[in-house]
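User: I'm new to this one. Could you walk me through it once it's on screen?

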Amino acid sequence: MARLLRALGDPGRTMRGMTVTGTNGKGSTCAFAASALAAAGLRTGSMPSPHLQRVTERIRINGAPVSSAACHRAFLKVDEVLRSTGLVVNAGAVHAAAAAVHFAVAGVDVAVLEANIGGRRTAVNRFDTGVKVITGVGLDHEHLLGRTLGEIARNKAGIVRDGDHVVLGEMPEEAVEAVEDVLSPHTGLTVWRLPQEVRCRPRTAGDGRTVLEVATPRAVHRDLTCPLRGEHQHRNLALAVAGIDALTERGSIRGISEEALRSGLAATRWPGRLELLAPAHLDSWTGRLLLDIAANHQGAATAAPEILRQSRPAERTALVFGTLHYKNVATMLEPLPADWPVVLTRVGHPNEADPAEMRTTLAPRRELYVRPETVDAVRHATELVGAGGLVTVLGTPLLIGRVRELFQLPPG
């Protein structure tokens with residue numbers, strides 16, 4: 001990756017911003033931060049990973065995916081350099097390099113970078129942003145990152161360099177100890193932790209809305225609105241705010257106004273994360289559709305309270321589920337009721353879990369169906385719940401993207 005960037009003219013060598021890693025919550029935290037920074041008038045680049053529907057979603061300016069033409073030009077430049085140098089890099093490096101190429105052309109003021117997997121060896125770790133956010137640690141991608149929370153935490157904390165400003169989300173004690181072990185040899189660090197130095201407190205406003213107060217060592221921010229569903233998003237919002245305050249503390253940006261912060265956070269949109277369509281229409285079916293990227297047990301457990309809240313006692317609820325073969329399928333649906341019917345499907349990836357094999361693994365559940373094609377799986381789920389019912393789709397971003405296409409939702 002370092003050689004590729006040098007061959008490209010070293011785009012991103014002066015990039016200011018924040019890098020976000022963690023098992024879950026990375027994308028939402030980045031979306032909050034990018035929206036708030038853009039609202040403050042900063043031309044903000046972001047490179048979320050992975051995409052749901054179009055590769056253009058991986059390169060964004062002020063939260064919006066770039067045009068197909070701009071995306072093509074950025075990737076073409078990377079491809080030309082790879083061909084001329086003979087360098088071999090992974091897909092994550094290609095995506096990150098293409099985004100950096102476009103950011104240089106677009107003249108971004110600040111960047112919000114999402115690590116795709118891990119931390120130490122992630123492609124975006126080649127950019128020295130100076131502010132590092134670790135949202136949390138859970139068991140996922142164990143075949144790449146380690147079999148324990150401690151091993152995974154050490155990998156995630158590998159993004160930290162001397163002199164960084166680090167923001168840490170809540171995590172299990174084993175992970176906390178591992179992160180502290182990684183941080184201790186570094187010099188010149190500033191470390192803010194949730195819920196110690198960073199605190200998030202919800203309250204009910206006079207109009208009945210839930211608003212948040214986020215306090216960091218730099219400032220107290222009041223009356224913040226969280227537009228994304230689920231109480232876990234309050235923590236992601238708080239980490240984004242802390243990251244922005246860290247950027248200000250370092251002098252990477254000027255302090256942004258409270259009005260811009262509030263309006264930017266309130267305007268955040270992040271498809272596929274407890275995204276509810278009500279009503280949703282497919283053929284002759286009308287009901288409610290809830291989409292969530294539950295990529296691991298921790299993610300499913302985090303989303304479960306909101307999924308349960310959306311399920312009404314008098315209506316039928318069905319799940320559509322698809323994931324990758326190295327995921328722990330046996331535990332991923334544990335947080336949800338065992339009597340909900342589950343339609344198992346493919347996700348369109350070489351490493352996808354076979355629906356028939358998942359059915360064997362999930363046999364203790366009472367009602368399981370196999371429909372290999374996504375469209376058939378969703379249609380069968382709508383038949384199970386009937387008009388007005390709730391279909392919840394859980395699984396990989398690829399599956400969520402397929403379902404968004406099926407319901408003709410635009411890429412976001």
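User: Which residue takes a positive phi in the hairpin of β12 and β13?
Analyst: Asp283, with a phi near 55 degrees; the hairpin has 2 residues between its strands. Strands here are DSSP runs of E with at least two residues, and helices are runs of H or I with at least four, numbered from the N terminus. This is a predicted model, where local features need pLDDT of at least 70, side-chain atom pairs count only at pLDDT 80 or more, and totals for chains, interfaces and linings use all residues. Residues are numbered from 1 along each chain as its sequence is written, and side-chain values use heavy atoms, leaving out hydrogens and water.

User: How many bridges join β12 to β13?
Analyst: There are 7, and the two strands run antiparallel. Strands pair if DSSP finds at least two bridges between them. Within this pair, Ala280 is opposite Gly287 of β13.

User: And β17, parallel or antiparallel to β13?
Analyst: Parallel, over 5 bridges. Here Leu289 faces Val391 of β17.

User: Why is β13 largely enclosed?
Analyst: Because 7 of its 8 residues, in the stretch 285-292, are buried (under 20% relative accessible area; exposed is over 50%, partly exposed in between, with a 1.4 Å probe and protein chains only).

User: Switching topic: where does Glu177 lie?
Analyst: Glu177 is in helix α7, which spans residues 173-183.

User: Buried, exposed or partly exposed?
Analyst: Glu177 counts as partly exposed because its relative accessibility is 45%.
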